[in-house]
Each structure stands twice: as structure tokens, then as C-alpha cells.
Amino acid sequence: IGFSCTMANVNGRETVSLNGEPVVKRPRECSSQVTALRVPKEPQNKVTVVLGAQWGDEGKGKVVDLLAMDADIVCRCQGGNNAGHTVVVDSVEYDFHLLPSGVLNKKAVSFIGNGVVIHLPGLFDEAAKNLQKGLQGWEERLKISDRAHIVFNFHQAVDGIQEQQRQQQEGKNLGTTKKGIGPAYSSKAARNGIRVCDLVSDFKVFQDKFRMLAEHFLTMYPNLNIDIDGELEQLKGYAERLRPLVTDGVYFMHKALNGPSKKILVEGANAALLDIDFGTYPFVTSSNCTVGGVCTGLGVPPSYVGRVYGVVKAYTTRVGVGAFPTEQDNETGDLLQTRGREFGVTTGRRRRCGWLDLILVRYAHMVNGFSAIALTKLDILDTLPEIKVGVAYNVDGKPLPSFPANMDVLTRVSVEYKTLPGWCCSTEAARSFEDLPSQAQSYIRFIEDFLQVPVKWVGVGKSRESMIKLF
């Protein structure tokens, strides 16, 4: 076809000629470099993840606080100030909503990722309240992703209006925290949201975007009361305070993951059954609070996700409306509610209480792939002579093979229970698995056997010392 190709070895170099003209010169040493590139590189550092395995309020903050004590970086990857963690240190109760609870560790950097939506008045107010309790120097160790979206006051007002409308139209609301989280994520998805990078850049450009977004909501909700100029003035002040904290989140995480050895912790907000995709939709939050949210909310490649710990309360609670198969609307529920002090950290709402639902937790494990479990608030069960655990769902007399997507089905399930003996004595002084009563040990082993996931920690009180480590 009109050309000839030859390959020759000249002084250790492979030379390819086409019609006598050299076209490729490839040193032999390159082939070893190419081979090295083809071998997958093991991640230098992996993130450890703590996630809620039920409907939230499982005690994630306490587990994070425990792991954060020797962490180098503690991250939030999704949600907003609708989340609430309480951490008790030296008898002082700290409440966190936007700040990672790892901010208590003076040696760790706290990072708020791009998947979080940030209400700036809420952030600075939260910091000020915890400052009075002894949280010093938080601004020096907090970083915020430039890609995180902002929750404005009008998002919160819209949240309240939408809940009112649902109540009027359908006779029931979603039970949101009215913190503006849903409307802020809606703005993000509609691509008219405003990010942290906009606020700390040219304020005139930010101003135009803000006015446009405010007008958009005023068109949709004519009765909405927005003080555009007043809020812009407030935001101008926040921009100055925010600027030193803002960083390129993708580059920050990349350096942390691929640099010198570091312990990186990710604290999930909300929980698996509140996930926008996998939760009890529509009674869910507006973000992915399962393990996938770690990758998208921080810019972390999946291969860099290490251990994933699921936090499971020894019974089940739920705030607001929605299906709750193991709910005990009776004396047992009242006892759990009172002993467990089951009131929301964010809203103060009374939590609904019921028996531990292992079908629900197994479903959360299917989605998240838990490495191990932290079982919290075991001590709340101390006074019960017998304890029930949900182990199967039936609908119309037939077993349900999996956790249903349809909430109408979930409201109709009847639960099969396994009844286990209680221990009727205090576990609060226990500091090892052997210190626990034999019936409490059997309760823990039953959970492990059902889920086929080991229990790594057991919580028997509010303090750091009351988290028993099993292995």
C-alpha cells in the first residue's frame, strides 16, 4: 500500500521508521515508568465516616467526639443547621448545628464541605454561644469550602410558608425544622443558588445575584417579607468575617488525602432514613446523608473512603411526621421518651419513641456498608423487664422481603418482634463489656448476629467515659 515500517534497536533506544524516516523514539527506561503508572496507587490517607443508621438523633456527636480527639481533620459533608449534635465535655454541654463537633479538638482542623448549606447568622450565633461555654479559637481552625451554598433568611421564611401550605392543602406537613434547608437545596438544583465564593468575591456582582434570587421568591410567594437592603448590609459584614475561613475545598481535601499521614474524620448529619434518595420519602431531608454524600459533599474519590461506622440507638426515635413501624404510643414510649430526654437539639420537639427496628437498620447497612456499629443509649433500657426488637415486616399477612420505598406500604406493615429479657439494673457505671449484665450482653450479641456487623462501641451515659469500646 505504498509504505514500509521497520523497528530497530539503536544504542538502547527503540526506533520506529516509516519509509526510512524515524517517527517514534522511545527510551527503554520509559517502559518501566509506564508499567509503574499502570499499577493502581493505594490512597495515602482514607477518611473514617460516622453516619446515623436510623432517623437521626442516634448520638453521632458523641461517637465523633470520641474519634475526633486524635483526628487531624474533622469534616461536615451535607445538611445545614437543621442537624444537631450535643457533646458533653467536663460536664459542659456543647450544642453544634453547623460547626463540626470536632472543633472541640484544638489540634484539629474543622472543614465544612461543598455539600453543606450554610446560614451565616446561624453559624456565627452558634459559635458565639459555644464561645461562652469555653470554645476558644474556633476561627483559627475552621475552613469552609468556597463551593458551599448559602441559606438566606428568605429561604427560612419560604420553608415556613411551604409547611403552612402543605398543612392547608393536604392536612399534613413534612415536619421540617424551618431552617431553610429544603428551599436552599432547591435553589442549588434550580441553578440560581448563591455560593460562598460569590459572597467573598465582588460584592456588587453578589448583590445583583442576591436581588435576582430574592425577586424570584417574591414572584412565587407575594406575601413573603424580605428586607433586601437590610439583609445585604448584614451579609456585607459576614463576608469580611468569612473571607479568612474560605478555601478551595477540592484542593484542600486532595492535599489532605495525598499528603503526609493524617487521620481524617467525616461526621454525617441527619441519618440514612432521612436521605433524599433512600429515606422514607417525602418525610426526609434534602441531602444525601448516606455514604455517597461523603464523596459528593467533600470531593473525595470513593477509593479514599475507609471505615464507615453506623450509629444505632438501642431503641428507635423519630421527630415529626411519617411512618414509624415500631412506634410505641403508650407507657413504654413515654418511658423511653422521659428516660432518654428525647427532645430535638435543633427544634426542641418531642421525639416519638419505639422499639429497636432491625429491618430498618439492616436496610441502612445495605446502603452504607457499615464496618462496625456504635450502639448508643443502652442505659435508657435499664428499667425494662423485657425488651422487644423488630425483626420482620408483614403486609396483608405476607412477609415483606425488603424495606419498602412506598410510604403507604410502610404505614400498613405489622412488625414481628423478638422478645429479649431486660436486666433491670443500672449499666451507667459499666466501663467494659464484661461489666454489663449478661442480658445486656445478649442484647448486643443479638443485634450483631442479626445484622452480621460487629458492635464496636456501646454507650451507657452522656460523658465521653461512658462509651465502652469492645474492640
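What follows is a short exchange about a predicted model.

Biologist: Why is Gly348 called partly exposed?

Modeller: Its relative accessible area is 45%. Buried means under 20% and exposed means over 50%, so with 45% Gly348 is placed in between. Gly348 sits in the loop between helix 11 (331–339) and strand 16 (352–354).

Biologist: Which residues does UniProt list under "binding site"?

Modeller: The unreviewed UniProt entry places that feature at Val345, Thr346, Thr347, Gly348, Arg349, Arg350 and Arg351. From this set, Val345, Thr346, Thr347, Arg349 and Arg351 belong to the lining of the largest pocket.

Biologist: What makes Cys75 and Cys353 count as buried?

Modeller: The cut-off for buried is under 20% relative accessible area. Cys75 has 0% relative accessibility, so Cys75 counts as buried. Cys353 has 3%, and therefore counts as buried.

Biologist: Why is Gln328 called buried?

Modeller: Gln328 has a relative accessible area of 15%. That value is under 20%, so Gln328 is buried. Gln328 lies in the loop between strand 15 (316–318) and helix 11.

Biologist: Which residues is Gln328 in contact with, leaving aside its neighbours within four places in sequence?

Modeller: Gln328 is in contact with Gly333, Cys353, Gly354, Trp355 and Tyr417. One of these, Cys353, is itself buried.

Notes: Residues are numbered from 1 along each chain as its sequence is written. This is a predicted model: local features need pLDDT of at least 70, side-chain atom pairs count only at pLDDT 80 or more; totals for chains, interfaces and linings use all residues. Side-chain values use heavy atoms; hydrogens and water are left out. UniProt positions are given in the numbering used here, feature names are shortened, and annotations may be inferred rather than shown by experiment. On a 1 Å grid over the protein atoms alone, a cavity is a set of points where a 1.4 Å probe fits but cannot get out, and a pocket is an open set with protein on both sides within 12 Å along at least five of seven lines; lining residues have an atom within 4 Å of a point. Helices (H or I, at least four residues) and strands (E, at least two) are DSSP runs, numbered from the N terminus. Buried means under 20% relative accessible area, exposed over 50%, partly exposed in between (1.4 Å probe, protein chains only). Contact means heavy atoms within 4.5 Å.
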